Amino acid sequence: MTEPREIAERLLDLQVDYIVAEVTGERFAEVIARDTDAVIGIADTIIFRDVVEVEQAKQTVANVIDHIGGSPVLRELVGTFADSIYDNIAENNEYTLGDVVEREPVEQLLEKIFGMHQAQERILERLTDSPLVATVASKFVDHLINDFMETNKQLAGKIPGVGSLVSLGTSAAKQARKAAEKAAGEGSFLGEMAGKGAAFALKRTNNAIRDMLRNAPVHDAAMEFWDLHAGEPVSGLREYLSQKDLHELALIIYQIAVTTREKEYFSELVAECVEVFFDKYGDHTLAAMLPELGLSNETIANEILRYGPAVVEAAKRNGVLAKLIRERLEPFFLSEPVLAVLAGN
């Protein structure tokens with residue numbers, strides 16, 4: 001009479017062979033489709049909020065951002081990706097910028113930016129708080145005045161007797177400006193006037209910027225600039241920066257992102273986003289959330305079939321698949337209760 005253990009081992013072999021056949025070959029696609037439908041059917045009975053708590057989700061998202069965002073692989077790939085993108089741009093004459101980016105959203109973006117008057121006003125107000133910015137504005141206005149005076153001087157030089165008068169006035173103006181600059185910061189009346197002059201220059205510069213953004217055809221000019229480039233090959237973009245510039249810019253942006261994610265306030269933002277997600281989708285079933293993510297049963301099955309067969313076949317060829325299945329099933333088949341049943345007890 002066959003021993004119960006021998007029967008159990010034979011049954012184990014048959015079970016292993018059956019499962020291997022289920023997950024390999026032509027049968028694999030049928031099993032994936034069947035099991036995907038079954039899993040999603042179960043998911044359709046489970047409310048998201050009932051199986052996932054808000055705090056758990058916050059911790060999971062934080063872990064993903066922390067571990068993946070700061071992973072050595074991502075850090076190494078940032079510069080490599082930048083170099084690869086630049087190389088592709090450098091040799092790609094097949095596509096134009098207009099082929100890659102649609103005109104309509106670009107126009108909407110520019111229209112929105114130029115229409116953000118509240119943000120513009122706030123930025124201009126904050127600029128007035130910086131003495132250095134005021135100095136820059138003063139120099140900017142100063143250059144404009146210098147150019148204006150130089151132009152007038154050249155025009156006046158063509159009229160007998162007028163050129164010498166303009167030169168005298170220009171010289172006097174320059175001497176007065178130098179005296180004001182020298183006195184600036186010394187607490188003198190001229191120093192105070194120089195400071196007020198810088199503030200006045202900044203105010204005039206701000207007014208010019210404000211008027212330009214609101215009244216000048218800046219939007220049309222920006223779209224004309226876009227249209228001039230939209231028909232050019234993508235390779236033309238490399239004229240704006242070198243490969244080194246793009247590489248370093250990508251690393252700087254990555255560094256900003258990495259250092260920002262470490263801040264406590266960023267964690268608060270992430271937590272708030274999770275709570276908003278729960279408010280919107282917490283009462284959905286797990287299956288009902290899939291269409292919201294753009295997924296369907298067919299999409300999930302196709303993605304599994306895209307990579308699964310090659311991995312499973314490789315595991316089957318080297319014997320790992322059968323070994324893993326046997327390790328999972330053997331404790332059951334050789335357990336005392338099963339042997340007792342096979343023994344007729």
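Author: Axes here are lines fitted to C-alpha atoms, for helices over the stretch in contact, and angles run from 0 to 180 degrees between N-to-C directions. The model under discussion is predicted.

Reader: Are H1 and H17 parallel, antiparallel, perpendicular or oblique to each other?

Author: The axes of H1 and H17 are 9 Å apart, and the helices pack at an angle of about 140 degrees. Angles over 145 degrees count as roughly antiparallel and those from 65 to 115 as roughly perpendicular, with under 35 as roughly parallel. The crossing of H1 and H17 is right-handed. The two helices are therefore oblique.

Reader: Which element gives the largest share of the largest nonpolar core?

Author: This core has 12 residues, among them Leu12, Val16, Leu329 and Phe333. Helices H1 (4–22), H2 (27–43), H16 (297–317) and H17 (320–333) each give two or more residues to the core. The largest share, four residues, comes from H17.

Reader: Which residues of H1 does Phe333 of H17 touch?

Author: The H1 side of the meeting with H17 includes Ala8, Leu11, Leu12 and Gln15. Leaving aside residues up to four places away in sequence, Phe333 also touches Val338 and Leu339.

Reader: Is His229 buried or exposed?

Author: His229 belongs to helix H12 (residues 218–230). A polar atom of its side chain lies 2.8 Å from the backbone oxygen of Phe225, and His229 touches Leu97 and Tyr240, not counting residues up to four places away in sequence. Buried means under 20% relative accessible area. Because the value for His229 is 19%, this residue is buried.

Definitions and conventions: Residues numbered from 1 in each chain as written. Predicted model: local features only at pLDDT ≥ 70, side-chain atom pairs only at ≥ 80, totals over all residues. Heavy atoms only, no water. Core = buried A, V, L, I, M, F, W, Y, C linked by side-chain atoms within 4.5 Å. Buried < 20%, exposed > 50% of the residue type's maximum accessible area, 1.4 Å probe, protein only. Contact = heavy atoms within 4.5 Å. Polar contact = N/O pair within 3.5 Å; in protein donor to acceptor, adjacent residues only side chain to side chain. Left-handed = near helix turned anticlockwise from the far one by under 90°.
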